[in-house]
Amino acid sequence: MNVAPGLFLTFEGIEGAGKTSNLQHAKDLIEASGKSVIVSREPGGTEVGEKIREVLLDPDLPAMHSDTELLLMFASRAEHYQHKILPALNDGNWVLCDRFSDASFAYQGGGRHIAIPRISALENWVLGEFRPDTTFLFDLPVNLGLSRAKARGAADRIEQEEAEFFEQIRRCYLDRAAKEPERFCLIDASQTLDAVRQQLGKAIQTLLDNSQG
Ligand code: T5A
């Protein structure tokens, strides 16, 4: 639950789903309504968090234990939440974040098979009861997402995993969306960029209408 005056919106999905491509569009729409917007990302978003991100995504590092990976994600998140997200929301900004804790449940839970209660315990430790107001889940078949990500450039450490890893992540995201339909907004990311933007634009307009009413 977010009790600050600004809204916290997160963008989730498998690799190549189009989150980054659509964040700027969402920012433009919200700013056009007169609101102030901060865009950020995870892992990362702060000076310390970006250093942690470098370690997490470095393709030249030897295999990392799944607990190490999870703890580094939450170390980055603790810094991000305390030093950037919360102050920005308390100042009335809307914060748009490229991935947040749902990614830990999907990747380290669904993908790496860490027990969900262990991830929930970390989430409660780092965030208390704070959760995103709305989570846009960009959903598309794994092969399409991976081919888009591959066409864009060299794979990072996590992108080097097999397709089945990402199938499990996609299933975990969809399960979470089904369990929390009031928070999740499902976007069909297999469509053209214009069509995806239209879906996102409608959902953002609803949020803007509700925030003014
Ligand atoms: N991670 C993260 C965890 O494991 N646990 C966690 O708790 C957290 C927070 C982050 C990695 O860390 C993992 C997940 C990730 O593996 P990242 O670089 O931030 O690494 O990875 P992604 O967020 O997955 O970034 P990607 O760039 O791969 O995916 P996007 O942002 O969804 O995709 P985008 O917008 O960059 O688009 C990819 C390509 O597709 C094209 C774009 O032009 C671009 O070239 N594209 C489209 N083409 C056709 N039609 C469309 N509709 C298109 N949309 C985009």
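Residues are numbered from 1 along each chain as its sequence is written, and side-chain values use heavy atoms, with hydrogens and water left out. Because the model is predicted, local features need pLDDT of at least 70 and side-chain atom pairs count only at pLDDT 80 or more, while totals for chains, interfaces and linings use all residues.

Q: Which residues lie nearest the centre of the largest pocket?
A: A lining residue has an atom within 4 Å of a grid point. The largest pocket has 33 of them, and by class they are 13 nonpolar, eight polar and twelve charged. Here Ala, Val, Leu, Ile, Met, Phe, Trp, Tyr, Cys and Pro count as nonpolar, Asp, Glu, Lys and Arg as charged, and the others, Gly among them, as polar. Nearest the centre lie Glu15, Lys19, Thr20, Arg99 and Arg152.

Q: Which helix gives the most to the lining of the largest pocket?
A: Helices (H or I, at least four residues) and strands (E, at least two) are DSSP runs, numbered from the N terminus. Several helices supply at least two lining residues each, including helix 2 (47-57), helix 3 (66-90) and helix 8 (193-212). With four residues, the top contributor is helix 1.

Q: Where does the ligand sit?
A: A molecule is placed in a pocket if more than half of its atoms lie within 2 Å of the pocket's grid points. By that test, the ligand sits in the largest pocket.

Q: How far is the polar side-chain atom of Thr20 from an oxygen atom of the ligand?
A: A polar contact is a pair of N or O atoms within 3.5 Å; within protein, one must be able to donate a hydrogen and the other to accept it, and residues adjacent in sequence count only if both atoms are side-chain atoms. Lys19 places a polar side-chain atom 2.5 Å from a ligand oxygen, and a side-chain N or O atom of Arg148 is 3.3 Å from a ligand nitrogen. For Thr20 the distance is 2.4 Å.

Q: Which helix gives the most to the lining of the second largest pocket?
A: This pocket has a volume of about 190 Å³. Its lining includes Ile116, Glu123, Arg131 and Cys172, and by class it has two nonpolar, no polar and seven charged residues. Four of the lining residues come from helix 7.

Q: Which strand gives the most to the lining of the largest cavity?
A: A cavity is a set of grid points where a 1.4 Å probe fits but cannot get out. The structure holds one cavity of 30 Å³ or more, and about 40 Å³ of space lies in the largest. Gly13, Ile14, Arg170 and Tyr173 are among the residues that line it. Three lining residues come from strand 4.

Q: What is the phi value of Arg99?
A: Arg99 is found in the loop between strand 3 (94-98) and helix 4. Its phi is positive, in a residue other than glycine. The value is near 80°.

Technical notes: On a 1 Å grid over the protein atoms alone, a cavity is a set of points where a 1.4 Å probe fits but cannot get out, and a pocket is an open set with protein on both sides within 12 Å along at least five of seven lines; lining residues have an atom within 4 Å of a point. Grid points are joined across faces, edges and corners, and a volume is the space filled by probe spheres set on the points.
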